[in-house]
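Please read the points below with the model open beside you, and locate each element before going on to the next point. The note moves through the structure piece by piece.

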Amino acid sequence: MRTGAIAGVLSWGAPLPSDRRLIKILDFLGVPHTNLDLSCKTFDTSEGQLGGLRPIASASTIRHALSAGAPVTDVVRKLFRQAPAAFIYGVTPERLSAVELNSLTDGAGVPAWVGPPPGSCYRVSSGYRDVCGTFSGLAWRPTSWKERVPAFERDAENLETLIAVEAWPVFARRRRGVSEIFLLCGQDVAELDEVVRENFDVHSRFIELFPHMMFLRHAFPSAGWRPGHSHGSLIIDDPPLRTRYGFLNFRRLVQAMDDVGFSSDIALIPWNFRRTQPSVAALINERRDRLGVCIHGCDHTRSEFGASDRAHLAKLTTIGIERMEAHRRDHRVDYERIMVFPQGVFSESAMEILKSFDFLAAVNTEVVPSHNTSRAGAVALADVLAPAITRYNAFPLFTRRKCRDSLVNFAADIFVGKPCLLVAHHTDFADGGQALIDLIATIRAVAPELKWSTLGTALRTTHLWRREADGSQWIRMFASEISLTGESATERHVLVLKSETDRQRVGSVLVDGRQAEFGWDGDLLAIPITLRQGQSASVRVVYHNPFAGADARLGARYRFRASVRRCLCDIRDNYVDVGRQGLRRFWRTADSRY
Ligand SMILES: [Zn+2]
């Protein structure tokens, strides 16, 4: 007899290709599942067997089952009547009629085709946050509409609209007593193995992925992986720690952070380590709660971390760390070993080097290496939906988004358990940075539960968790260190898991700074710890570094060219960009006067 909830993927014969893609989503979320082939007619329909089952079926499988007659029809009706949650996807007028739907759900909508006008939006209801999460209340226009899309006719009785194309429901719920049936009109199911070259974009991929995830999260609250608390942070690239850099004014930034309630990290170019003004260093030290510092390359030369030469990358990393340490000594400004790649350019070798030098993680807008290796296209949709990409030597790459990106993509990041990371440059603070501040205020309104913290805290607290039948908890960490706080009233056994591809590279595991036992489960490093309510614990994985003691000298020619480049960038940011803005203002004023 089964205990606990399990997804039952119904099929007629072998699972359909769309069922197989849906099973990948189940596996991705860690939801236990089984396949029930209705054409066999031999399955066990006892209460014990069906008790924890949440049926999932395509509309065409339902049609097969309903037209097969007893006993299959009776079994399917019984399944949907008693299951606390069930899901039918791929509803179209051709695949499932209103009569068939009615026979299963006791009244539901009438499937129809609608032709959305080009300006139409997906609209997610604001009334069902328990299902739709951070998407609740949002509306956006997809990249393009097909000529016609399946939906339910408007104003169906007893149907709660979760997602609509304008006013036509496409994802809806029919509640009957304790059972809920979720109906999805989208025919497609996303292929999680699809190779991608960019972070996901809800405008081009939504209906074939997120309603499925919404249902599974809702239907399996105590099974499968769930995100921990999400954190948000703004990362400002490039500025030296000076009162003013281009349009960025540090005191105004701190004021805006206090007014709106957000946190920032400065991605500091180590080359700038001697240019810090004591007043800004003091400000950062005063406001460690909201203002952090991480590493942005070494000299910020063109594609400097896109190189594949490991010795050269080890040299750049060593010099970068030496400069940041000197900066810490001179100004007492703490920093995190988090790499933000200059120009977003990185190589797989760079990821390996950063891991060797015990970096916490890398953060980037791009998700694939710049150089054209055979593995450059190895990132799959599943990788970019995870809290961090672990495809490159199992060193975590957290994604961030430009502040021109749309609100719904930030909402989707929070929904899947990524930290909500925005990137800005000094130019985003022209005109006081109002657009950026408004975006952050809107994200805060959409996700009031989001905690704003420095980047190090955001990455250290990012995790997925699941509860096992024996009451223990499993946690998947992504950065090389995780901070946890016990929430259970009793002492809880926690198994912390981390993806690792090379066992030989793991030097030790530190729990609260002390060496701890660890084991392996396939490619997962497994660290058992115990947590009491309110107790904090940190788990850190330390790696062997074959590149330690790398030559930390760069040639005079290289250093000269790097210095020239940095000076030119300073002139561009402080005089050209600011001057251009001043000129634009002058002409606007002149235009209005004369
Ligand atoms: Zn930069």
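1. Strand β1, helix α1 (residues 17-29) and strand β2 together build a right-handed β-α-β unit, where right-handed says that, with the strands pointing away from the viewer, the path from the first strand over the helix to the second runs clockwise. Helices here are DSSP runs of H or I with at least four residues, strands are DSSP runs of E with at least two, and both are numbered from the N terminus. This is a predicted model, in which local features need pLDDT of at least 70 and side-chain atom pairs count only at pLDDT 80 or more, while totals for chains, interfaces and linings use all residues. Residues are numbered from 1 along each chain as its sequence is written.

2. Within that unit, β1 (residues 6-11) and β2 (residues 33-37) pair in the parallel sense over 5 bridges, and Leu-10 stands opposite Leu-36 in β2. Two strands are said to pair if DSSP finds at least two bridges between them. Helix α1 lies across β1, β2 and β3 (53-58), and runs at about 170 degrees to β1; such angles run from 0 to 180 degrees between N-to-C directions, with axes as lines fitted to C-alpha atoms, for helices over the stretch in contact.

3. Which strands make up the open sheet of 9 strands, and in what order? The order is β2-β1-β3-β4-β11-β10-β9-β6-β7, and the pairing is mixed. Its edge strands are β2 and β7 (139-140), each of which pairs on one side only. Further along the order, β9 (residues 160-165) and β10 (residues 168-176) pair in the antiparallel sense over 5 bridges, with Glu-160 opposite Arg-173 in β10.

4. A second sheet to trace is an open one of 4 strands, in the order β26-β32-β28-β29, with antiparallel pairing. The edge strands are β26 (481-485) and β29 (514-515), each pairing on one side only. Strand β32 (residues 536-543) pairs with β28 (residues 506-511) in the antiparallel sense over 5 bridges, and here Ser-508 stands opposite Val-542, while Val-509 stands opposite Val-541. Strand β32 also pairs with β26, again antiparallel and over 5 bridges, with Ile-482 opposite Val-539. In a regular strand the side chains alternate between the two faces of the sheet.

5. How do helices α8 and α14 cross? The axes of α8 (residues 250-261) and α14 (residues 434-446) come within 10 Å and cross at roughly 25 degrees. The two helices are therefore roughly parallel, a label for angles under 35 degrees, whereas angles over 145 count as roughly antiparallel, 65 to 115 as roughly perpendicular and the rest as oblique. Their crossing is right-handed, that is, the near helix is turned clockwise from the far one by less than a right angle. Ala-256, Val-260 and Gly-261 in α8 meet Ile-437, Ile-440, Ala-441 and Arg-444 in α14, where contact requires that C-beta atoms, placed from the backbone, lie within 7 Å.

6. Two backbone details deserve a careful look. The peptide bond from Ala-70 to Pro-71 is cis, with omega near 0 degrees, and Pro-71 sits in the loop between α3 (59-67) and α4 (72-82). Gln-343, a residue other than glycine, has a positive phi near 55 degrees, and is found in the loop between β18 (338-340) and α11 (348-356).

7. Finally, the domain assignment gives domain 1 (6-223), domain 2 (231-461) and domain 3 (463-543), with bounds that come from an automatic or database assignment. The C-alpha centres of domain 1 and domain 3 lie 35 Å apart.

How values were computed: Contact = placed C-beta atoms within 7 Å.
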